[in-house]
Amino acid sequence: MFSHSEHIREIERVSRGLPTGRDDVVVQSWRRCLDQHRLDPTHACEAFILPDARLREHRQQSEDLVRIARSGLEHLFSQVAGQNYVLLLSNRQGVTVEFLGDPLFDNNLRKAGLYLGSEWSESRAGTCAVGACIETGEALTIHQTDHFDNTHTPLSCTAAPIYDTTGELTAVLDISLLSSPILKASQNLARHLVGATVRRIELANLMAQTRHEWVLRFSRSPDFLDVDPEAAISIDGSGRIIGMTHGGAQILARSVGADWREPANLIGQPVSKFLNLEVDGLPDLTRRRPTQDRLVFARDGNALFAHAIEPQLQRRVSAWTRSEIPKPIRRLGGDAPEIAALQAKVAKLARTALPILIQGETGSGKEHLARAIHEGSGLTGGFVAINCAAIPEQLIESELFGYMPGAFTGASPKGRKGLVEQAAGGTLFLDEIGDMPLGLQSRLLRVLAEKEVLPVGGHEPRPVAIRVVSASHRPLQELVAEGRFRQDLFYRLNAATLVLPPLRDRPDFDWLLARILERYARDGRSPTLAPLSLDLLKRHDWPGNIRELDNVLAVAVAICEGDVIEPSDLPDGFCFPAGNHTADRSPDKEEAQVTGQSKGEELRRMLSACNWNVSEAARRLGVDRSTVHRQIKRFGIMTQH
Ligand SMILES: Nc1ncnc2c1ncn2[C@@H]1O[C@H](COP(=O)(O)OP(=O)(O)OP(=O)(O)O)[C@@H](O)[C@H]1O
């Protein structure tokens, strides 16, 4: 074993410029720790974890990256399953914004800093894989006593940089072990796997960003060109380079003896400067020709097999027009830029397997949105909804995970499949997820992490493929801060968050109104609203959101005598436009109020407010005086004058 004092002595030798057997990257990093970051090797520091609010900011900024990196990370995690590896995705500042690890070791990992929110910059943590990778821009392994700070010497960490399409380092992928085999060489395979994952993430990123331009992919071997290219660049119609993966930057730089660390010398340059190729030659490099014939030469003489992908003629999702968005998603709202942006985001996410968290006030349409995601996903399995707040705590476990025959008294002798398994191949919608008891949160986390479910009373987990959409009307992040919701589950559930606006803020109010009125059509004719009724509805605060609107219209249609909803058909509060309903926002009370209104009482109040002046009341209600007189009679209202 290497003692703390030996470690300090070795760092001191390095500071005096004496040779040690360490890799050069380690020696250089130790020097930076001493000279630039002014760290003291005798002073050991625990891992630093960012406070939640700061972590949230970092994660928001990395949302796009995490989305693109996600499937690569999960694939890598499955490749190293069972070997206690932890995966960290850090941003440019060294903050861990995404994490995959075995929840069983949560506490140890958090303590060691292998966790969400840990900051692994070199200036903070000393020599470490993420920090050194950010400093050098290269893949490396920092193994045990390579770490500068004695606290981190049990760890073995391998990291590779992720570059954006302009050649700037944007993130770092790290794979770490809490304790590892003694030899550093044991991490060579990890390095290879991380490198391959990063390459794929960069390629996915380049493809996602390239819309109407050419993409040229390269490989030294014709066999892997189409399935796993080594590098790629994107080229605009005039033949200039507009984007590249890191592999692409290296090819370009090498061909003219430039430095890939200066991407400004590569981006914007004509492709012909680096390759024996003009833009007109790109169509000859598409898949229409056999791979072996698609050889291009770099200016330094290197030969590469190339695959050119034509510009996408169809506009990509962010530019989708309304008619191109799948129908179920179009039915979410009307024409307004904010709603169109939400629909485009939903359409993009629906096609992925990413878990989605929906936030929005009560009745704002969270379940409606979850169904639209399911219907727009193309999944063939069912949509299974569970309201975590409505099921008694002791039943949730068996409801969700099912049970084996004879698992408990009263259980069916055949056992039962849980809702998770019923959603196999489809979508599991977890409504009011914030109300899920803490104990079950860990079990749900396992289902999501391992993609398998263990029924109550069972010993063998069963594999299950589901898409999870969850929803909460309370900001989940607050529950996390209060310790009532597991942070790791929170991050598992919200690879992406969709926020539904409250009804009072919706720019497409009229569209929603029309859709709901259609539901109450009689003989194919939708009821309509008198202008004043519409005005009154628009002024309302709608604490119960679309559900409240639906209830109000249901009652109004029932009361209304013809096809036109008059103000007098609306519940009480609506006749007093000046009234502010925001004081009591309890949705239950609001609903009771909405459904329990008496039309007579409503008219009486309006008359009273108008000093029993029938003409004035009729004017305010938007109806004839005779109608008011008729209703006074019908409801037996005692007039005051
Ligand atoms: N885009 C929409 N178009 C038409 N009706 C909608 C839309 N969104 C929601 N609704 C209607 O509003 C009502 C409430 O919707 P939903 O149950 O999805 O809300 P929620 O946010 O899940 O409510 P809760 O918070 O109570 O679970 C339902 O009657 C639903 O049909």
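**View 1. Overview of the predicted chain.** Helices, of at least four residues, and strands, of at least two, are DSSP runs numbered from the N terminus. In this predicted model, the protein chain has 24 helices and 21 strands by that assignment. Of the 641 residues in the protein chain, 40% are buried. Among the contacts that join residues at least 6 apart in sequence, 65% link residues at least 24 apart.

**View 2. The shell around the ligand.** The ligand is surrounded by 18 residues, of which Gly365, Lys366, Glu367, His368 and Ile546 are the closest. Two or more residues of this shell are given by each of helix H12 (366-375), helix H18 (509-519) and helix H20 (545-559). By residue class, the shell consists of four nonpolar, eight polar and six charged residues. Because domain 3 (352-501) and domain 4 (506-597) both give residues to the shell, the ligand lies between them.

View 3. Strand E6 (residues 214-219) is largely enclosed by the rest of the structure, because six of its six residues are buried. In a regular strand the side chains alternate between the two faces of the sheet. On one side of E6 are Trp214, Leu216 and Phe218, on the other are Val215, Arg217 and Ser219, and all of these are buried, so that both faces of the strand are covered.

**View 4. The two strand partners of E6.** E6 runs antiparallel to strand E7 (residues 231-235), to which five bridges join it, and Phe218 has Ala231 of E7 as its bridge partner. Five bridges also join E6 to strand E10 (residues 303-309), again in the antiparallel sense, and here Ser219 stands opposite Phe305 of E10.

**View 5. The five-stranded parallel sheet.** Five strands with parallel pairing form an open sheet, in the order E12-E15-E18-E11-E19. Strand E12 (383-387) and strand E19 (496-499) stand at the edges, and each has a single partner strand, so one side of each is left without a neighbour in the sheet. From one strand to the next, the twist averages 20°.

View 6. Strands of a sheet pair through backbone hydrogen bonds, either parallel or antiparallel. E12 pairs with strand E15 (residues 427-431) in the parallel sense, over five bridges, and within this pair Phe383 stands opposite Thr427 of E15.

Terms used
Residues numbered from 1 in each chain as written. Predicted model: local features only at pLDDT ≥ 70, side-chain atom pairs only at ≥ 80, totals over all residues. Near = placed C-beta within 6 Å. Nonpolar A, V, L, I, M, F, W, Y, C, P; charged D, E, K, R; others polar. Domains from an automatic or database assignment. Buried ≥ 20, exposed ≤ 12 C-beta atoms within 10 Å, placed from the backbone. Pairing = 2+ DSSP bridges. Contact = placed C-beta atoms within 7 Å. Axes fitted to C-alpha atoms, helices over the stretch in contact; angles between N-to-C directions.
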